[in-house]
Amino acid sequence: MAFRTVVKILFYSVIILLFLMWLFDDLLNDFIADKLLAFDGILWYKIMESKTPIILVIYSFVIALVSFFVIKHDNKYMDAVLSSINSILDDPEKKVRIDLDIELLEIELNRIRMNILENKTRAKDEENKRNDLIMYMAHDLKTPLTSVIGYLTLLSDEKKISKDMRDKYIEIALDKALRVEELTNQFFEITRYNLYEMELSKKNIDLTLLMEQLVDECYPMLHDKKLNLTFNYKNRVDYYGDGNLLARAFGNLIKNAINYSKPNSTIEVLMEEHSEDVELIFKNEGDKIPDYKLEKIFEKFYRGDEARTSKTGGAGLGLAITKDIIELHGGATNVKNEDKYIIFTIKIPK
């Protein structure tokens, strides 16, 4: 804005200088000389001797006048922009209107206004989802905690309880206590998510070995749910990235597949190395995901099980964290339905 104002002042000043030179030297020179000589010859000679200073004074006055009007004119635009920005900050729902001929700026300011509104709405939705989720989880905590207290009370009060019954009560209490621990960890995950930014610690890793280790770690969960998992890629895939974060991202997708697979089905993990990227595919047999859920599935605190049952109760952060980690590596995540399968795809550039 300042540069443009200076250019305008210089441009108008040059034009006015050329006009003055033409006016006094070509058009009015003889006319003025005749009038001054007739009036006072001495005055005319003095003016001619001081011609240059007089022209400089006139020119300086003209430049000052031009600068004043140009700056005043340009300040109207600046005032309009500042006023529009303040309007957006005070009331982003109100459309910006500028009563000057700067339509493109008005369009851009309204685009910024809409972005602010969308971000505000998205933040509000995330806050509502988080609050709802915490409320449901707090309710879910009461049930296992009540069971733990109840069975421990029985063990404390019943002095002559049989060993089999004691072992049964202990097993139930332990199972419920583990559920309390799981829900508590989810609380920490929710509160921690927005309090830190993930930072990459890159080094050379073997993605094939990393995936094999993740598969081995999942066997207890697979056994409990009567599922199989196959990963048959044998070639070494060297990749420069953060192994811990990638393990977390891939592990979240495997756990998601386990939670939402049909019993006695097989989860397939495929990996393909290309010249420019590495592609990983997580394929499981499950209920088709509706289109409106596909669009939101990577959002924070969004859970596919809208009923929020305890059996599949996660914090709705696993897929969001996976997406963040992959994007930190410059990659992309995708999900789609294909026949009876749900397919998550990850691409990370080399």
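Two strands count as paired here if DSSP finds at least two bridges between them. Keep that in mind for the tour, and remember that this is a predicted model.

**Stop 1: the hairpin.** Select S6 and S7, which form a hairpin with two residues between them. Click on Asp339 in the turn: its phi is positive, about 55°. Now look along the two strands. S6 and S7 run antiparallel and are joined by seven bridges.

Stop 2: Which residue of S7 is the bridge partner of Asn284? Ile342 is. Further along, Glu279 stands opposite Lys347 in S7. While you're here, show the side chains of Lys283 and Tyr341. The charged end of Lys283 sits over the ring of Tyr341, 4.5 Å from the ring centre.

**Stop 3: the whole sheet.** Zoom out and colour S2, S4, S5, S7 and S6, in that order. You're looking at an open sheet of five strands with mixed pairing. At the edges stand strand S2 (228-230) and strand S6 (332-338); each has a single partner strand, so one side of each is left without a neighbour in the sheet. Ignoring direction, neighbouring strands of this sheet are turned by 15° against each other on average.

**Stop 4**

Next, show the rings of Phe250 and Phe282. They form a tilted aromatic pair, 6.3 Å centre to centre with 35° between the planes. This pair links distant parts of the chain: Phe250 belongs to helix H9 (residues 243-259) and Phe282 to strand S5 (residues 277-285), 32 residues apart.

Stop 5: The model has three aromatic pairs in total. For another one, select Tyr151 and Tyr169. Their ring centres are 5.2 Å apart and their planes meet at 50°, so the pair is tilted. Here too, distant parts of the chain are linked: Tyr151 is in helix H5 (residues 103-157) and Tyr169 in helix H6 (residues 163-193), 18 residues apart. Tyr169 counts as buried because its relative accessibility is 16%, under the 20% cut-off. Tyr151, at 23%, is partly exposed.

**Stop 6: a separate strand pair.** Finish with strand S1 (residues 203-206) and S3. Four bridges join them, and they run antiparallel. Select Asp206 and you'll find Asp238 of S3 opposite. Now turn to the side chains of S3. In a regular strand, side chains alternate between the two faces of the sheet. Strand S3 (residues 238-241) has Tyr239 and Gly241 on a covered face, while Asp238 and Tyr240 are on an uncovered one.

Definitions and conventions. Residues are numbered from 1 along each chain as its sequence is written. This is a predicted model: local features need pLDDT of at least 70, side-chain atom pairs count only at pLDDT 80 or more; totals for chains, interfaces and linings use all residues. Side-chain values use heavy atoms; hydrogens and water are left out. Buried means under 20% relative accessible area, exposed over 50%, partly exposed in between (1.4 Å probe, protein chains only). Rings of Phe, Tyr and Trp (its six-membered ring) pair if their centres lie within 6.5 Å; planes under 30 degrees apart count as stacked, over 60 as edge-to-face and the rest as tilted. A charge sits over a ring if NZ of Lys or CZ of Arg is within 6 Å of the ring centre and within 35 degrees of the ring normal. Axes are lines fitted to C-alpha atoms, for helices over the stretch in contact, and angles run from 0 to 180 degrees between N-to-C directions.
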